[in-house]
Amino acid sequence: MDLSVVLPTLNGRDQLATSLDALAEHVPDAEIIVVNGPSADGTTGMVRERADVDALIELSDRNLNVARNAGIEVASGDVVALLRYDLSVEPSWLSALEDEIESADVVTGPLHQTLRNGMTTESLEQNSVSGRDVTYFNGSNVAFRRDVLDSLDGFDEYLETGGARDAAHRLAGFGRTVAWAPEMCVRREFEADGGISERDWGWKYRALTYRLVKNYGVRPGTVKRTAKHAIADGFDAALGVVKGDVTPSGWVGTGRDVILGIATGTSDGMVARARDRSRARNPHGCSKRADRAVARYDWR
């Protein structure tokens with residue numbers, strides 16, 4: 001197995017350095033590709049001083065899926081792994097990947113995260129959507145056979161969020177297998193701050209409806225799934241109003257963002273479905289542009 005590891009990063013120099021140290025210790029023979037951009041914390045200088053990084057790609061676009069595709073483009077391995085910059089592989093990561101990739105098209109594993117109240121982890125997530133069995137993967141810790149990425153044409157760069165879930169739907173459309181390897185685990189070295197970040201509700205529903213409509217069309221199953229999410233989130237927001245955590249005007253504004261997101265995602269999903277009628281369902285993939293990188297440093 002010739003392994004390439006792609007690490008998209010943005011303003012995470014110290015965390016990235018820790019992740020690279022873990023790869024150097026536990027996966028010393030892998031090809032390491034860092035996709036940076038655009039960081040303003042000295043990431044470029046730190047990476048260029050390291051002897052264990054094979055290529056550095058500098059971007060001007062902050063879209064994660066653009067960064068993923070930029071790394072996939074230059075990766076030379078027959079297996080390509082995607083790893084989040086602030087996660088470190090554990091000693092069992094490589095052997096678990098090697099064991100599972102022999103019989104699976106995609107392998108993913110859990111994240112171990114240390115919080116104030118203990119350790120969190122993950123498990124395999126599966127669902128059935130419009131008669132298609134979908135196995136989701138952790139986009140921060142996943143490895144693909146190269147031919148699988150080529151068949152998908154990488155990730156859909158339209159999406160600012162939900163790119164991994166979209167790829168999972170498309171993998172299911174190809175009948176590709178996703179294996180769960182509990183020992184292919186990564187850990188977060190830096191404790192989460194525990195703060196509550198403000199969610200972009202418009203983009204959540206824009207991404208949700210876009211990937212559903214693009215992959216399945218407008219049908220009762222996709223409408224039902226979208227409505228289920230909206231009702232659940234609307235109920236939670238209403239509880240927030242009752243508790244005083246959310247203002248009534250904020251709740252109304254959130255509803256407006258959700259409706260606009262659904263409308264935009266549905267429209268754009270229909271356009272995307274018409275533009276790419278193949279099973280790849282990716283009109284914004286790797287092959288669609290050649291101007292992602294503003295600079296490349298290749299030491300291979």
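The following questions and answers concern a predicted model of a protein chain.

Reader: Into which domains is the protein divided, and how far apart do their C-alpha centres lie?
Author: The protein is divided into domain 1, residues 3-193, and domain 2, residues 201-275. Across their boundary, 16 residues of domain 1 are in contact with 15 residues of domain 2. The separation of the two C-alpha centres is 27 Å.

Reader: With which residues is Ile 33 in contact, leaving aside its neighbours within four places in sequence?
Author: Leaving aside neighbours within four places in sequence, the contacts of Ile 33 are Val 5, Val 6, Leu 7, Ala 55, Ile 57, Gly 71, Val 74, Ala 75 and Arg 300.

Reader: What is the arrangement of the aromatic pair formed by Phe 137 and Phe 144?
Author: The whole structure contains five aromatic pairs. In the pair of Phe 137 and Phe 144, the centres are 5.5 Å apart and the planes are at 85°. Because planes over 60 degrees apart count as edge-to-face, the arrangement of Phe 137 and Phe 144 is edge-to-face.

Reader: Are Phe 137 and Phe 144 buried or exposed?
Author: A residue under 20% relative accessible area counts as buried. Phe 137 has 8% relative accessibility, and Phe 144 has 0%. Phe 137 is therefore buried, and Phe 144 is likewise buried.

Reader: Why is the pair of Tyr 297 and Trp 299 described as stacked?
Author: A pair of aromatic rings is described by the distance of the centres and the angle of the planes. Planes under 30 degrees apart count as stacked. The centres of the Tyr 297 and Trp 299 rings are 6.2 Å apart and their planes are at 10°, so the pair is stacked.

Reader: Which charged residue sits over the ring of Phe 155?
Author: Phe 155 forms one aromatic cluster with Phe 137 and Phe 144. At 4.8 Å from the centre of the Phe 155 ring sits the charged end of Arg 68.

Reader: Which charged residue sits over the ring of Tyr 136?
Author: The charged end in question is 3.9 Å from the centre of the Tyr 136 ring. The residue that carries this charged end is Arg 165.

Reader: With which side chain does the side chain of Thr 43 make a polar contact?
Author: Thr 43 is found in helix H2, residues 43-48, and is buried, with a relative accessible area of 1%. Not counting residues up to four places away in sequence, Thr 43 touches Thr 9, Gly 12, Arg 13, Leu 16 and Asn 36. Its polar contact, at 2.6 Å, is with the side chain of Asp 41.

Reader: What is the omega of the cis peptide bond from Gly 37 to Pro 38?
Author: Pro 38 lies in the loop between S2 and H2. The peptide bond from Gly 37 to Pro 38 is cis, and its omega is near -20°.

Reader: What is the phi of Arg 281?
Author: Arg 281 is in the loop between helix H9 (248-275) and strand S14 (293-298). Arg 281 counts as buried, at 15% relative accessibility. Although Arg 281 is not a glycine, its phi is positive, at about 45°.

Methods: Residues are numbered from 1 along each chain as its sequence is written. This is a predicted model: local features need pLDDT of at least 70, side-chain atom pairs count only at pLDDT 80 or more; totals for chains, interfaces and linings use all residues. Side-chain values use heavy atoms; hydrogens and water are left out. Rings of Phe, Tyr and Trp (its six-membered ring) pair if their centres lie within 6.5 Å; planes under 30 degrees apart count as stacked, over 60 as edge-to-face and the rest as tilted. Buried means under 20% relative accessible area, exposed over 50%, partly exposed in between (1.4 Å probe, protein chains only). A charge sits over a ring if NZ of Lys or CZ of Arg is within 6 Å of the ring centre and within 35 degrees of the ring normal. Contact means heavy atoms within 4.5 Å. Helices (H or I, at least four residues) and strands (E, at least two) are DSSP runs, numbered from the N terminus. A polar contact is a pair of N or O atoms within 3.5 Å; within protein, one must be able to donate a hydrogen and the other to accept it, and residues adjacent in sequence count only if both atoms are side-chain atoms. Domain bounds come from an automatic or database domain assignment.
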